[in-house]
Amino acid sequence: MDGRHRYLASPSLACVSLTVGVRAFTVEIDSPDGTPLRTYRRRSGKLFTSDEDPLALLEPLSMKTRAFMQSSACALFDEDVRGAFGSMATDELKGRVKVISRLARAYGMGIAARAFSEALRATGKMRPADVEMRCARIRAQGTRAKAARELGTRLADYDGFMLRGGDRDGQAAAEG
């Protein structure tokens, strides 16, 4: 916009006419059918800016995995994780980028990046199942259920009942 500010919709939408809504504080990019694609904070000033949503980049980057290493999406991971990505074979990295894309859509890019880091620190590996479990655990940390508590039931009553050999009505089996 204005030759100074760039907002990435998606590499898959190159050469497609899109609708851009410029508001006071945001820029919204809509698909040709009017479906909202991306919303960015509106930039101002005379300096060149470029905004992109890392999620928009992940799917195309799974096909060009070495480009992933130079992307803004990869920059969201800590140095150790980026190093592990850099040492992977092309096919392995391609699989990890697809996992990142899936987990980022489900949990958010911040949680996915943190989960990769935690998995690497804990196990020395970043197996998809381990990373996904960590994503779920990270997201659930703020919403832990309250500890269950017993409401009026005492196990001692049951123990006494079982020791007497009672039936369902609380009567001793021999009495019935």
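Biologist: Why is S101 called buried?

Modeller: Its relative accessible area is 3%. Buried means under 20%, exposed means over 50%, and partly exposed is what lies in between (with a 1.4 Å probe and protein chains only). With 3%, S101 is therefore buried.

Biologist: What should I keep in mind about the model itself?

Modeller: This is a predicted model, in which local features need pLDDT of at least 70 and side-chain atom pairs count only at pLDDT 80 or more, while totals for chains, interfaces and linings use all residues. Residues are numbered from 1 along each chain as its sequence is written, and side-chain values use heavy atoms, with hydrogens and water left out.

Biologist: Where does S101 lie, and which residues does S101 touch?

Modeller: S101 lies in helix α4. Leaving out residues up to four places away in sequence, S101 touches L58 and E59. Contact here means heavy atoms within 4.5 Å.

Biologist: What makes a stretch a helix or a strand?

Modeller: Both are DSSP runs, numbered from the N terminus: a helix is H or I with at least four residues, and a strand is E with at least two. This chain has 7 helices and 5 strands, in the order β-β-β-β-β-α-α-α-α-α-α-α along the sequence. Of its 176 residues, 30% are buried.

Biologist: Back to α4, then. Is R96 buried or exposed, and how do you know?

Modeller: R96, also found in helix α4, has 14% relative accessibility, so R96 counts as buried. Apart from neighbours within four places in sequence, R96 is in contact with F85, M88, F116, M126, R127 and P128.

Biologist: Why do F77 and F116 count as buried?

Modeller: F77 has 2% relative accessibility, so F77 is buried. F116 has 0%, so F116 is buried as well.

Biologist: What makes the pair of F85 and F116 edge-to-face?

Modeller: The ring centres of F85 and F116 are 5.8 Å apart and their planes are at 65°, so this pair is edge-to-face. This pair links distant parts of the chain too, with F85 in helix α3 and F116 in helix α5, 31 residues apart. Together, F68, F77, F85 and F116 form one aromatic cluster.

Biologist: Why are α4 and α5 called oblique to each other?

Modeller: Helix α4 (residues 90-107) and α5 pack at about 130°, with axes 7 Å apart. Axes are lines fitted to C-alpha atoms, for helices over the stretch in contact, and angles run from 0 to 180 degrees between N-to-C directions. Under 35 degrees counts as roughly parallel, over 145 as roughly antiparallel, 65 to 115 as roughly perpendicular, and the rest as oblique. So α4 and α5 are oblique.

Biologist: Which residues meet there?

Modeller: R96, V99, I100, L103, A104 and Y107 in α4 meet M109, I111, A112 and F116 in α5. By class, this contact has 9 nonpolar, no polar and 1 charged residues. Ala, Val, Leu, Ile, Met, Phe, Trp, Tyr, Cys and Pro count as nonpolar, Asp, Glu, Lys and Arg as charged, and the others, Gly among them, as polar.

Note on methods
Rings of Phe, Tyr and Trp (its six-membered ring) pair if their centres lie within 6.5 Å; planes under 30 degrees apart count as stacked, over 60 as edge-to-face and the rest as tilted.
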